[in-house]
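Subject: Handing over the structure

Dear colleague,

Please find below the structure that I promised to pass on to you. Once you have had a look, the notes after it will take you through what was found.

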Amino acid sequence: QTENGLVCHWYATVGSVTDHVASETFMPPPEPGAVHKLNFPAFLVVDAGADADINLTVADVEGNHLGVYFGTLGELAASEQFRMQEVQLKDVNGMVARCSV
């Protein structure tokens, strides 16, 4: 399924409103477990005090999601300072990828 490439997606939901941004299509590294650096900047603006639900997914180009991170804006951004952290993308069997965000 990944021979045509992969796409990362950010989803942010506040209340009943969801927004979405997708990366450019990229090819996964040929070796299992290899690191792939994807430059995928995304910005989110929410009202002060709002804690958006945040999902990061990796999907094939047909739209089949292969792994997902479920979290909140408060977990990813405890302050206005950018801080790199690692999240795990999982499917029903467990972790499929790690991402630095």
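What radius of gyration would a compact globule with 101 residues have, and what does the protein chain have? A compact globule would come near 13 Å and the protein chain has 14 Å, which agrees; the radius is taken over C-alpha atoms, and the globule rule is 2.2 Å times the number of residues to the power 0.38.

Before the details, a word on the conventions. This is a predicted model, in which local features need pLDDT of at least 70 and side-chain atom pairs count only at pLDDT 80 or more, while totals for chains, interfaces and linings use all residues. Residues are numbered from 1 along each chain as its sequence is written, and side-chain values use heavy atoms, with hydrogens and water left out.

Overall layout

Along the principal axes, the C-alpha atoms of the protein chain fill a box of roughly 40 × 25 × 25 Å. The secondary structure comes to 1 helix and 6 strands, in the order β-β-β-β-α-β-β from the N terminus on; here helices (H or I, at least four residues) and strands (E, at least two) are DSSP runs, numbered from the N terminus. Of the 101 residues, 29% count as buried, where buried means under 20% relative accessible area, exposed over 50%, and partly exposed in between, with a 1.4 Å probe and protein chains only. Among the contacts with a separation of 6 or more, 37% are between residues 24 or more positions apart, a contact being heavy atoms within 4.5 Å.

Strand 1 (residues 6–14) and strand 2 (residues 17–22) run antiparallel and are joined by 6 bridges; two strands pair if DSSP finds at least two bridges between them. The hairpin that they form has 2 residues between the strands, and Gly15 takes a positive phi near 65° there. Ala12 has Asp19 of strand 2 as its bridge partner, and Asp19 is also in contact with Trp10 and Tyr11, leaving aside neighbours within four places in sequence. Asp19 counts as exposed, because its relative accessibility is 54%. Thr13, in strand 1, is linked to Thr18 by a side-chain polar contact of 2.8 Å; such a contact is a pair of N or O atoms within 3.5 Å, where within protein one must be able to donate a hydrogen and the other to accept it, and residues adjacent in sequence count only if both atoms are side-chain atoms. Not counting residues up to four places away in sequence, Thr13 touches Ala52 and Asp53 as well as Thr18.

Strand 3 (residues 53–60) and strand 4 (residues 65–72) also pair in the antiparallel sense, over 7 bridges. Their hairpin has 4 residues between the strands, and Gly63 in the turn has a positive phi of about 100°. Ile54 stands opposite Gly71 in strand 4. Thr72, which lies in strand 4, counts as buried because its relative accessibility is 19%, and its contacts, leaving aside neighbours within four places in sequence, are Asp51, Ala52, Asp53 and Ile54.

The core

Which residues have the most contacts inside the largest nonpolar core? They are Ile54 and Leu56, in a core of 16 residues; a nonpolar core is a set of buried Ala, Val, Leu, Ile, Met, Phe, Trp, Tyr and Cys residues joined through side-chain atoms within 4.5 Å. Strand 1, strand 3, helix 1 (73–76) and strand 5 (86–91) each give two or more residues to this core, and the largest share, 4 residues, comes from strand 1. Beyond its neighbours within four places in sequence, Ile54 is in contact with residues including Trp10, Tyr11, Leu44, Phe70, Leu73 and Leu76. In soluble globular proteins, nonpolar side chains tend to be buried together.

Cysteines and a loop residue

The count comes to 0 disulfides, a disulfide being a pair of cysteine sulfur atoms within 2.5 Å. For Cys8, the nearest cysteine sulfur is that of Cys99, 5.7 Å away. Cys8 is buried, with a relative accessible area of 9%, and Cys99 is likewise buried, at 17%.

Lastly, Ser79 is placed in the loop between helix 1 and strand 5, and is partly exposed because its relative accessible area is 43%. Ser79 and Thr13 are 66 residues apart in sequence and 19 Å apart in space, C-alpha to C-alpha.

With best wishes
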